[in-house]
Amino acid sequence: MYKILEKKEIAMRNTWYKIHAPHVAKKVKPGQFVIVRAFKNGERIPLTPVMWDPEEGWIVLIVFTRGKTTARMAAELKEGGEILNIAGPLGNPAEMEKFGKILAIGAYTGIVEVYPIAKAWQELGNKVTTLHVTFEPMVVLKDELERAVGRHLLETVPIDMTKSFPENMKNVTKRLTEKVRELLEKEEWDLVFMVGPTGDQKAVFEVVKEFGVPMKADLHPIMVDGTGMCGACRVTVGGEVKFACIDGPEFDAYKVHWDELIARSGYYTDMEQRAMQEYMRLMQQAAQGGE
Amino acid sequence: MAVKRKIIKERVPTPERPAEERIKSFVEVNLGYTFELAVKEAERCLQCPYNYAPCIKGCPVHIDIPGFISKLVQYRDDPDKAVKEALSVIWACNSLPATTGRVCPQEDQCEMNCVMGKVGDKINIGKLERFVADYAREKGIDEELLFEMVPKIEKKGQKVAIIGAGPAGLTAAGELAKLGYDVTIYEALHEAGGVLMYGIPEFRLPKSIVESEIDKLKKLGVKILTDHIVGRTVTIEELLEEYDAVFIGSGAGTPRLINAPGINLNGIYTANEFLTRVNLMKAYLFPEYDTPVKVGKRVVVIGAGNTAMDAARSARRFGAEVIIAYRRGPEDVSARVEEVEHAKEEGIKFEFFVNPVEFIGDGKGNLKAVKFEKMKALDERDSRGKRKIVGTGEYVTIEADTVIIAIGKHPNRLIVNTPGLKVERGRIVVDENLMTSIPGVFAGGDAIRGEATVILAMGDGRLAAKAIHEYLTKKRESKNA
Ligand SMILES: Cc1cc2nc3c(=O)[nH]c(=O)nc-3n(C[C@H](O)[C@H](O)[C@H](O)COP(=O)(O)OP(=O)(O)OC[C@H]3O[C@@H](n4cnc5c(N)ncnc54)[C@H](O)[C@@H]3O)c2cc1C
Ligand SMILES: Cc1cc2nc3c(=O)[nH]c(=O)nc-3n(C[C@H](O)[C@H](O)[C@H](O)COP(=O)(O)OP(=O)(O)OC[C@H]3O[C@@H](n4cnc5c(N)ncnc54)[C@H](O)[C@@H]3O)c2cc1C
Ligand code: SF4
Ligand code: FES
């Protein structure tokens, strides 16, 4: 059981959890993640420590409310309460080298995973530019990133209420790829790095490829154990089957079989929707019963 | 033993749920003996003398089988006493009888050797063992025995770390705790039990039973740190700074994949992922439990060991039509006989001599069919005594929307990559005392054997505990000297 020291909504659909997890805080390095199981009948989901203190034994997770598990976390977890399980740290730490001039991109909440890595790269003497592209009300870690790296660029897209959510997301992808193209045309880069939805990672990669700049991406396949025992997270990289949880999560974007990864990530979409609808129905019932 | 006894040739059967009923739920299939039935079966045992009894020789941990069986008959008028006496005989060699009674391949071990087999049915040793454990648990008799044991333990003041809470780790932990060591288990998952929790399904081994076996260890003072992955959360080197000895019981968790095109199509599961979702995460109760699993209308399970049977029978319980596809013939099926029989009763079909060569997709990333090469057996045998097989160049395609791969596993890479740890073909190398190439670090179970059995893993746990005790006694003495 891991105590929730702080919980707050820091932007629309983005919740900040500061949690007592000394075993993780002591060991975690930028690029690693944890597997969280918040509830007794809950799912195991991967999340990324954004900040941590090895002495005080806490970590910070910033979680985007996406489907049932993250929605339950936002609704049911309480400050002062507990999270059942936090396993980790997992995955390999990000490579800490002097790459030179780096463009580190985060789409939506992906930027929170970029933060610890970009900060460490900057401290190592790299020239880091971070680019965050998201909806206007979902901006996170702006001040922290401005402090941590050489230059922080923020691009926001308004939410158009007359349009569907997928339509709105297309606007983010458009702005993201346009901005990346602009930056690659204007400046010379040694490395591009990106975290965000797989579809957006692929879209950015298509642009980067035209310029031939090296690119790394932290991949987000579906995971179960996170320790190399289930094979759920397998991705094809350079023609070989890799397990993202123990071989990654960082891979060379040029070698990733993007379409396969996108197809695999969508395997449970129908069931996830069913679970979410069922959950919302129960919440509504409870709300009505409570009146 | 001059008393002439009447030989009863037939086994007293244990009641089972009918197949039509059980394929609709994950409730346990075999219902086990009542005390009366257990005594009836126990009476059939010839009580072969200890030094001769072939059943004991066949048991990897040498339980005094006639010894525990005789207690059931001797105290037949006092069931509680009968069970208490029988349980303490079993406990001397085996701390998880409710589990082994259910999952040991008895037909290849104790029961294979039973002399009753010459005149009739072999004694149903497994089900008797299970009965003793179940009755003791239900009546709190195991707790009673434990309470008598705990105060007698003399603290040694030395600490041992155990990696992995599977049968090997749990057994080593229990034995060491009984000897007075301060024991801490590091377990990667959120629940202890290893394969017993995440692999073997509820209908064969109810999870509440595994939990109660683990509770007993906690009562012996064993600490269990779940969510701790050795190799990531803490390294073996770091453990050695804090503990006087380390035991690796991390199992063989990494699934083997088939090197064939299409392996990453949606719908292709490793047995580990499939069973973890179903058992550990209770996906059969989705959406009440949050973890999903997708079982199509037609499921092909590749492999024919216990893992394959468990995956197939689990899939069947989701309403699927299930085929087990195996590249060898029926004589090489390695699963327990009872499981194969149960699988057949439940309507699972078997295809032999087929080897998958390609997974065919629907163009959208989902599996549609599997292409197999037909195989044939030669007279020549391989090192494991199995007939060699070769491809025939003929192919068949079986339609399937789900494939579950159950062709074996490797030890966890996070452990195997420890600097200085000698490993051969993925397995940790140990000496006759189960010590690895790192002094003070011992290993056992699937981590050293590849895929084996629960009882062999437990046997290793016991042996390692003994070796660790000797090692630490020396260490203690040299310190005091
Ligand atoms: C290494 C890694 C680090 C991550 N770090 C963060 C983070 O710091 N903050 C954050 O908000 N999100 C992070 N994620 C994503 C997060 O795990 C998913 O948003 C979460 O699992 C969604 O669960 P859900 O039940 O709310 O949504 P669902 O409705 O179940 O799923 C929505 C989508 O989330 C993804 N997803 C679902 N289950 C899993 C799973 N078990 N493993 C991986 N992906 C899954 C799938 O793409 C799915 O389509 C990370 C993912 C990975 C792999
Ligand atoms: C589906 C299935 C069915 C089976 N059926 C039978 C049967 O009927 N009868 C039978 O006798 N045998 C059966 N077996 C085989 C038997 O379960 C194994 O031989 C036995 O469990 C091995 O025990 P173990 O303790 O060595 O390893 P495991 O049971 O695998 O336990 C290892 C434990 O270590 C943990 N671990 C791994 N790596 C780390 C790490 N780095 N840090 C911390 N913890 C770690 C794992 O999470 C796990 O809990 C079956 C196996 C499977 C998969
Ligand atoms: S071999 Fe069979 S008959 Fe003889 S003691 Fe063992 S179980 Fe009883
Ligand atoms: S998540 Fe199970 S192997 Fe990577």
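User: Is B:Cys55 buried or exposed?
Analyst: In this predicted model, B:Cys55 counts as buried at 10% relative accessibility, where buried means under 20% relative accessible area, exposed over 50% and partly exposed in between, with a 1.4 Å probe and protein chains only.

User: And what about A:Cys230, buried or exposed?
Analyst: A:Cys230 is buried too, its relative accessible area being 2%.

User: How many disulfides are there over all chains?
Analyst: Searching the whole structure gives zero disulfides over all chains, a disulfide being a pair of cysteine sulfur atoms within 2.5 Å.

User: New topic: which residues come nearest to ligand 2?
Analyst: There are 38 residues around ligand 2, and those that come nearest are B:Val103, B:Ala168, B:Glu187, B:Val230 and B:Asp446; a residue is near if one of its heavy atoms lies within 4 Å of the molecule.

User: Why is the site called shared?
Analyst: The site is shared between chains because residues from chains A and B surround ligand 2.

User: Which backbone atoms lie by ligand 2, and how far off?
Analyst: A backbone N or O atom of B:Val103 lies 2.5 Å from a nitrogen atom of ligand 2, while a polar backbone atom of B:Ala168 is 2.8 Å from an oxygen atom of the ligand.

User: How are residues numbered, and what gets counted?
Analyst: Residues are numbered from 1 along each chain as its sequence is written, with chains lettered from A and ligands numbered from 1 in the order in which they are written. Local features need pLDDT of at least 70, side-chain atom pairs count only at pLDDT 80 or more, and totals for chains, interfaces and linings use all residues, while side-chain values use heavy atoms, leaving out hydrogens and water.

Conventions. A polar contact is a pair of N or O atoms within 3.5 Å; within protein, one must be able to donate a hydrogen and the other to accept it, and residues adjacent in sequence count only if both atoms are side-chain atoms.
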